[in-house]
Amino acid sequence: MSGFQFPSPIPNTLESRQANRHAVVLGGSIAGLLAARVLLDHFDRVTLLERDQFPMQPASRPGVPQGQHVHGLLLQGQQILEQLFPGLVEDLIEAGAISLDWIADWKFFSMEGWLEQHASGLRGICCSRLLLEWYLRQRLLDNDRFHLQPGCSAQGLVFESQPTPRVTGVMLRTAVETSDKPSIAADLVVDATGRHSKLPQWLAALGYEKPPETQVNSFLGYASRWYRRPNDAVAQGVIIASKPGECKRGGVIYPVEGNCWIVTLSGIAGDHPPSDEAGFMEFAQSLRHPMLYDLLQTAEPCSAIHCYRRTENQWRHYEQLLAMPRGVVALGDAVCCFNPIYGQGMTAAALGAITLKQCLQDNQTRPQSHWEKHFQGQLAKALNTPWLMATGEDFRWSTTEGKRPGWVARQLQGYFDRILQLSLTSAETHRAFIQVAHLVKPPTVLFKPAILWQALTQ
Ligand SMILES: Cc1cc2nc3c(=O)[nH]c(=O)nc-3n(C[C@H](O)[C@H](O)[C@H](O)COP(=O)(O)OP(=O)(O)OC[C@H]3O[C@@H](n4cnc5c(N)ncnc54)[C@H](O)[C@@H]3O)c2cc1C
């Protein structure tokens with residue numbers, strides 16, 4: 001990777017020039033990196049603070065334990081990433097990512113059976129999360145207004161109550177111990193510290209309410225292992241879905257850089273895949289279709305088996321807070337994290353970044369008294385569809401805990417079952433289904449007359 005060239009530098013011009021403005025991003029994972037990219041267009045300096053040290057090459061690190069598991073990038077996310085980092089798709093393919101047609105090149109054994117396959121032009125890149133994060137970081141480091149501070153943990157907010165209650169910096173703990181409490185000054189602080197964000201507690205310490213939280217938990221667990229892709233294996237993905245009432249288990253083969261497969265097995269309602277070799281293979285053999293297990297027999301494992309269990313959907317509703325100080329916003333998993341099986345997390349982080357970009361631009365043309373609050377409201381609107389999709393699917397399982405959706409949502413679930421049945425044979429319906437699942441089209445496209453007619457009559 002070290003000789004890899006980045007053909008398309010991030011533009012080094014500001015969309016607005018406001019002297020000496022400094023933004024500080026907390027958390028150097030996908031959401032933090034995307035936020036930093038957006039802030040470079042609006043602030044003179046952007047500093048990203050990350051608790052971990054960063055590896056020189058694409059590799060795991062403790063702050064992102066999910067790094068070894070399959071990370072599908074939805075088409076909506078890919079489009080936003082390409083917009084923020086022009087040339088990204090091409091660069092990642094050059095670095096070994098696999099370009100697949102999401103319909104032609106995926107064998108998808110859905111709840112209803114095998115979905116039809118056709119060349120759809122809906123092409124996505126498949127690579128590990130490790131490569132993607134490393135790539136985004138390198139692109140940002142190309143810009144001399146971007147400063148990365150690894151080994152630096154955010155511990156709280158610096159706050160001024162006069163003239164307007166405002167966050168003016170971040171308190172830190174660095175790898176080097178000092179007697180005084182270090183801090184860094186900021187005109188804007190962006191919290192991207194993920195699921196375990198301490199922002200609610202930091203706000204409470206300043207006398208603010210904590211955001212209300214919603215949780216929906218289907219008790220899903222993952223176990224993942226990397227394999228060398230056999231030389232004669234076609235570059236394709238495989239998904240074997242679980243099915244309520246029949247089998248709680250599912251699996252995916254995800255082709256990535258270095259001629260590897262990431263194989264992730266999942267089990268819902270506490271039926272989790274084990275981390276020992278024999279147990280992993282037995283679990284793979286127990287899926288609803290033998291294809292994944294048969295393919296594993298032909299491939300050589302090249303990693304340990306990694307498990308992950310904290311998968312509940314969790315939404316911190318900052319948009320519902322009556323009061324929030326100026327100078328701080330939150331995005332990514334720090335606001336909303338999803339059951340990972342639907343592959344929405346990185347795309348939700350991208351939606352957060354693009355919403356931040358829009359709000360900063362709007363604030364330039366029409367300054368708002370509290371644009372940060374406006375941002376949290378806009379972000380909540382953007383997150384609503386993926387949230388309803390993820391939690392709606394999770395509530396198919398009677399064992400899922402959380403506030404159940406109402407009658408209308410339950411009826412819609414029945415309609416979506418019909419869509420899946422039609423996707424076994426209808427190219428048009430399958431295409432619409434994939435576009436909705438990838439968040440590039442709203443769910444309403446599934447109700448357009450041609451599809452509705454098929455759903456009601458076939
Ligand atoms: C098992 C699993 C599989 C997944 N699969 C997919 C998938 O297929 N597709 C998809 O799009 N998404 C997937 N996701 C979700 C995805 O990983 C996240 O949504 C995405 O990484 C964005 O997260 P984030 O950047 O907000 O937070 P995180 O990735 O959690 O990163 C938070 C960062 O903040 C740092 N940090 C934490 N506290 C501090 C502090 N006090 N000071 C400084 N730094 C701090 C951490 O070290 C870390 O680097 C999956 C998640 C899991 C758990």
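Reader: At roughly what angle do the axes of H8 and helix H9 cross?

Author: This is a predicted model, in which local features need pLDDT of at least 70, side-chain atom pairs count only at pLDDT 80 or more, and totals for chains, interfaces and linings use all residues. Residues are numbered from 1 along each chain as its sequence is written. Helix H9 spans residues 371-394 (helices, H or I of at least four residues, and strands, E of at least two, are DSSP runs numbered from the N terminus). The axes of H8 and H9 (lines fitted to C-alpha atoms, for helices over the stretch in contact, with angles from 0 to 180 degrees between N-to-C directions) come within 9 Å and cross at roughly 145 degrees.

Reader: Is the crossing in which H8 passes H9 left-handed or right-handed?

Author: A crossing is left-handed if the near helix is turned anticlockwise from the far one by less than a right angle, and right-handed if clockwise. For H8 passing H9, the crossing is right-handed.

Reader: How many charged residues are there in the contact of H8 with H9?

Author: On the H8 side, Ala348, Leu351, Gly352, Thr355, Leu356, Cys359 and Asn363 take part (contact: C-beta atoms, placed from the backbone, within 7 Å). They meet Trp371, His374, Phe375, Gln378, Leu379, Ala382, Leu383 and Pro386 of H9. Classed with Ala, Val, Leu, Ile, Met, Phe, Trp, Tyr, Cys and Pro as nonpolar, Asp, Glu, Lys and Arg as charged, and the others, Gly among them, as polar, the contact has 10 nonpolar residues, five polar and, as for charged residues, none.

Reader: Which element gives the largest share of the shell around the ligand?

Author: Of the 37 residues around the ligand (C-beta atom, placed from the backbone, within 6 Å), Gly27, Gly63, Gly194, Gly332 and Gly345 come nearest. Helix H1 (30-39), strand S8 (152-160) and helix H8 (345-365) each give two or more residues to this shell. By class, the shell holds 15 nonpolar, 17 polar and five charged residues. The largest share, four residues, belongs to H8.

Reader: Which strands stand at the edges of the open sheet of five strands?

Author: The sheet has parallel pairing in the order S7-S2-S1-S11-S20 (two strands pair if DSSP finds at least two bridges between them). Each edge strand has a single partner, so one side of each is left without a neighbour in the sheet; these are S7 (146-149) and S20 (328-330).

Reader: By how many degrees are neighbouring strands of this sheet turned against each other on average?

Author: The average ignores direction. Its value is 20 degrees.

Reader: Which residue of S11 is the bridge partner of Leu26?

Author: Strand S1 (residues 22-26) runs parallel to strand S11 (residues 188-191), and four bridges join them. Within S11, the partner of Leu26 is Asp191.

Reader: At about what angle does H9 run to S19?

Author: Three strands form an antiparallel open sheet in the order S12-S19-S21. Strand S19 (residues 313-316) pairs with S21 over two bridges, and Gln314 has Cys337 as its partner in S21. H9 lies across S12, S19 and S21, and its angle to S19 is about 145 degrees.

Reader: Which residue does a cis peptide bond join to Gln162?

Author: The omega angle of this bond is about -5 degrees. The residue in question lies in the loop between S8 and strand S9 (166-174). The partner of Gln162 in the bond is Pro163.

Conventions: Contact = placed C-beta atoms within 7 Å.
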